[in-house]
Amino acid sequence: MKKDPNAIILDKLRDEYPDAGTMLNFSSLFELLIAVVLSAQSTDEQVNRATARLFKQFNTADKLAALELTELEDMIKGVGIFRNKAKHIKQLASIIQDKYQGEVPADFDKLLELPGVGRKTANVIMAVGFKQPGLGVDTHVQRVANRLGLVQTKTPEQTEYSLKQLIPKKHWSEAHHLLIFHGRRICKARKPDCHNCVLQKQCARNFAK
Ligand code: SF4
């Protein structure tokens, strides 16, 4: 029987990136949530530098909720749109403290209600934090999935739904990490390195043809 082309893509990426996984540093679900909220429009290195400072003293919902906004802004200054994120993190910490007794809810819809938490973040928390099926779509997943021809979509939300149809549930989280790794290392936004890409044969766009 002929192998499903999507499964071939995942197999090849799996061989290429055996280390695929989150690069964010965290030691609790709450820390993971804050790190993922901080990661929008920022590199993992920027986030890890900021959280190394922040989590030394403020790594629980009650501590972050009580932190002055300006102090929080100062601590996360190195990440993109930090003022907005500081506001969201403070509100989110208060809600988690008051409504969920300091615990991150293991529920996609409840996560989505938190300030600063979109579908990508909620998917990542479910997948990485709770080991539940989740396929978050960031800018890398959006770009690589479209170039490969896995999906033809305009928005991350459409991409998430399409990929979830294509890929078996048990591989959602893995697919998220593999597509991100490929996007960061080979299928870059400006200069995709198609000559060195293991998916040349499978790719709809292959600029090296
Ligand atoms: S062949 Fe080029 S466009 Fe296609 S996935 Fe590889 S790097 Fe990206």
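## Domain organisation

The protein comprises domain 1 (5-19 + 135-196) and domain 2 (29-129). The structure described here is a predicted model. Taken over C-alpha atoms, the centres of domain 1 and domain 2 are 25 Å apart.

## Contact between the domains

Five residues of domain 2 are in contact with 10 residues of domain 1. On the side of domain 1 that touches domain 2, two or more residues come from each of helix 10 (156-166) and helix 11 (172-185). By class, this side of domain 1 consists of four nonpolar, three polar and three charged residues.

## The largest nonpolar core

The largest nonpolar core contains 56 residues, and those touching the most other members are Leu33, Leu38, Ile76, Ile89 and Ile125. At least two core residues are supplied by each of several helices, including helix 1 (5-16), helix 3 (44-57), helix 6 (82-100), helix 8 (119-129) and helix 11. Helix 2 makes the greatest contribution, with eight residues. Because both domain 1 and domain 2 give residues to this core, it lies between them.

Leaving aside residues up to four places away in sequence, Ile125 touches Leu32, Leu33, Val36, Val104, Leu111 and Phe130. One of these partners, Leu33, is itself listed with Ile125 among the core residues that touch the most other members.

## Surroundings of the ligand

The ligand is surrounded by 14 residues, of which the closest are Cys187, Pro192, Cys194, Cys197 and Cys203. By class, the shell around the ligand has nine nonpolar residues, together with two polar and three charged ones.

Key
Residues numbered from 1 in each chain as written. Predicted model: local features only at pLDDT ≥ 70, side-chain atom pairs only at ≥ 80, totals over all residues. Domains from an automatic or database assignment. Contact = placed C-beta atoms within 7 Å. Helix = DSSP H or I, 4+ residues; strand = E, 2+ residues; numbered from the N terminus. Nonpolar A, V, L, I, M, F, W, Y, C, P; charged D, E, K, R; others polar. Near = placed C-beta within 6 Å. Core = buried A, V, L, I, M, F, W, Y, C linked by C-beta atoms within 7 Å. Buried ≥ 20, exposed ≤ 12 C-beta atoms within 10 Å, placed from the backbone.
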